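Have the sequence and the model open side by side, and follow the names as they come up.

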Amino acid sequence: MTSFVTLEWQAGIGLLKIDRPPVNALSHEVLRSLLEQIAAVKTNESARALVLHAGGRTFVCGADLTEIDEGGEDLFNSVMDALEALDIPVICSMHGMALGGGLELALASHYRVAHRDMRMGLPEVMLGLLPGAGGTQRLTRLAGVRKALDMISTGKPIGAAQAQEAGLVDTLTDDAPAAAGLAFAQTLLAEGKGPRRTGEISVEASDDDRAAVNEALQAAEKRTAYPAAAHIVRCIEAAIERPFAEGQRLERELFRACLDTEASRSLRHLFFAEREAAKIPNLPAKLPLRSIDRMAVIGAGTMGRGIVMNFLSAGISAVLLETGQEALDAAVAAIRSTYEASVKKGRLSQDKLERAMACLHPTLDESALADCDLVIEAVFENMAVKTALMERLGRVCKPGAILASNTSTLDVNVLAQASGRPADVLGLHFFSPANIMKLLEVVRGDATSPDVLATAMALARTIGKVPVVSGVCYGFIGNRMLESYAREVDFLLMEGASPRQIDSVIQGAGLAMGPCRMLDMAGTDVAAKIVLEQEKAGALPDDPSYRAVVRALFEAGRNGQKTQRGYYRYEGRNAVDDPEFTALCEQLAKQHGIERRSEIPDSEIFERCMYPLINEAALILEEGIAYRPGDIDVVWVRGYGFPDFRGGPVFMADTIGLPSIIERLEHYARVQGNPHGYWTISTLMQRLAAQGERLSDWRPQPSNP
Ligand code: NAD
């Protein structure tokens, strides 16, 4: 018997406690112990009631996901059923969070007590699954069809008061879980109340409820990439139409079907990858972090405005520094109006808006940086401007202040040296719009001190970002991989593919936006300037046709959506095909001796866009730029619109199979030629393919200290 589950008696009332830090996840071991203790309750003739509760900071937050592939649905259901079948009243007393299997335990109990501040939900859908321990059947019985559809399909938790309104909770409390459960049990017994089994309730579904189910099913069936969506609705439908036991059987069957989908495997991979990405290898365990009470953003342009909002929203006092009053005023007005838009949509209260704005300290005076604990520069992407600024920051900022750059492409090591205090410097690469996009690439310079890196990771979480560490290289993880993708897009266009064909192939693969639309949105001038900068730095391949299309677009003033012409022509926001663009590609093909083809297969577009990107991911791992494969997947899913149901480029590579990717890369090396190394395959990928191993499972050998 483990100590994760204990049973104590107080005057005939059993106190069944789950205590498995940190979040009381239901491992198989916990479930088996619960089953044994429930059996003990059953045989105790003086038992009058049972209170289920948990120790630590929360009730049960779901199953232990590391065991999910081992089966166990039967074990889960046995526990729920045994709890529900007890013939004394069973009270579940919850605090913190009750998620997934945790809420299913509560639903299988006869009565529910909730701490006023707690939240509860069935988030399985976010992992491509459905609640497989009676959740779809019991929630529908307790809260009704519409609430069940909403809660299980979105996976979003609700607060205790809302749960009480929905019929999920009998009473709210401010007391500790055991005491509150005990008091409730005593009242029940005094009133002579007995068991009240959820499984015995029959669902009263109105015509409107049935219509809502049909509508939800039709919508969910269209979301073929996420099979759980439709299965959830089918289970809720079964709760209406079938007896409880049959509904449970269907739920179990569909749960297993979900478990076996690419979507669920991918989403679970991302769940673990995101957790792992937050960890920095080889850091001393109790490294003291630097405290960040006041920060500053330099440059109030597109990025600076978004970046500073993250800190304001988190209640951190922030200086915003600009070079001119007009630019500063415009930025402050833009920040307020972005918050106001959220207030209008009901996503933010006026009070929170005012509190955020009160944290903002706009200024033109560099001396305001002197007492800041963190300074993030978001000035023009120009090495001379940034090094001069870093040099001043090194002098103006107090000792111990962290100096960060939001550069997209420049060498963070050079910036660090310019500051004269490179241990305090790192890159914090936000993505546009910076107040919304979740990804934060944390760039560790050669000299960045471990506590600076660890502080940045913790801070990222405080401001609601998903941080991923990258080493220093051109473009870090994300933009470096984007480069090979953009390269092939330009070649395909010169060879005869249209922007529309490329975009539809890529969107068909699940990416949020095709590359041509994306470049038009970001501005072809921005993209071309980066290529030109690289050319100046001698960092481009010796290939005049390299990214020739984007450069030609820039030269022709076709800067994308903002000039109404780029890869497409724009009628308002509508992108239409443009014969002038086709003519430009024809002319470029002629100029560079590229043969045009009347038809390029969709499969070639997919392979030529995605496989070099995957190859680049393998190189990034080989070079130690990313700590682990999952980090790359998190970058692409959270920052670049890569579909979560494919798990990211590395996970997708394993789904496709490394040998077949290598075979196609070799094929393109043959047909395209490989004078510039575009098709040279990473040795890591070759080795893993030869050994039959997966790229996503690869981990670097721990280096000797
Ligand atoms: P921007 O041109 O919109 O804004 C730059 C601002 O910095 C301007 O308002 C300018 O007046 C101000 N500025 C310049 N020098 C200054 C100084 N010495 N002191 C104070 N303010 C100064 O540029 P942006 O798009 O916001 O980009 C800023 C940085 O963020 C660049 O390094 C860029 O590469 C990077 N970045 C941009 C994006 C993007 O999508 N735009 C994404 C990630 C990173």
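A backbone N or O atom of Thr302 lies 3.0 Å from an oxygen atom of the ligand, a polar contact in the sense of a pair of N or O atoms within 3.5 Å (within protein, one must be able to donate a hydrogen and the other to accept it, and residues adjacent in sequence count only if both atoms are side-chain atoms). Please keep in mind that this is a predicted model, in which local features need pLDDT of at least 70 and side-chain atom pairs count only at pLDDT 80 or more, while totals for chains, interfaces and linings use all residues. Residues are numbered from 1 along each chain as its sequence is written, and side-chain values use heavy atoms, with hydrogens and water left out.

**Around the ligand**

- Ser408 takes part through its side chain, where an N or O atom is 2.8 Å from a ligand oxygen atom.
- On its own the ligand has 830 Å² of accessible area, and the protein covers 77% of this; such areas come from the Shrake-Rupley method with a 1.4 Å probe, and for residues only the protein chains shown count as cover.
- The ligand has 21 residues around it, of which Met303, Glu322, Glu381, Lys386 and Asn406 come nearest; a residue is near a molecule or strand if one of its heavy atoms lies within 4 Å of it.
- Helix H12 (302–313), helix H15 (383–396) and strand S15 (425–430) each give the shell at least two residues; helices (H or I, at least four residues) and strands (E, at least two) are DSSP runs, numbered from the N terminus.
- Sorted by class, the shell has 8 nonpolar, 9 polar and 4 charged residues; Ala, Val, Leu, Ile, Met, Phe, Trp, Tyr, Cys and Pro count as nonpolar, Asp, Glu, Lys and Arg as charged, and the others, Gly among them, as polar.

**Domains**

- The domain assignment, from an automatic or database source, gives domain 1 (5–260), domain 2 (294–470) and domain 3 (478–691).
- Between the C-alpha centres of domain 1 and domain 3 there are 47 Å.

**Sheets**

- An open sheet of 6 strands has the order S1-S2-S3-S4-S6-S9, with mixed pairing; two strands pair if DSSP finds at least two bridges between them.
- Strand S1 (5–10) and strand S9 (171–173) are at its edges with a single partner strand each, so one side of each has no neighbour in the sheet.
- S1 and strand S2 (residues 13–18) are antiparallel and share 6 bridges, and Glu8 has Leu15 in S2 as its bridge partner.
- Strand S7 (residues 119–121) runs antiparallel to S8, with 2 bridges between them, and Arg119 stands opposite Gly159 in S8.

**Backbone details in the loops**

- Most residues other than glycine have a negative phi, and most peptide bonds are trans.
- The peptide bond from Pro21 to Pro22 is cis, with omega near 5°, and Pro22 sits in the loop between S2 and helix H1 (28–43).
- Asn24, in the loop between S2 and H1, has a positive phi near 55°.
- A cis peptide bond also leads from Ser432 to Pro433, with omega near -10°; Pro433 belongs to the loop between S15 and strand S16 (439–443).
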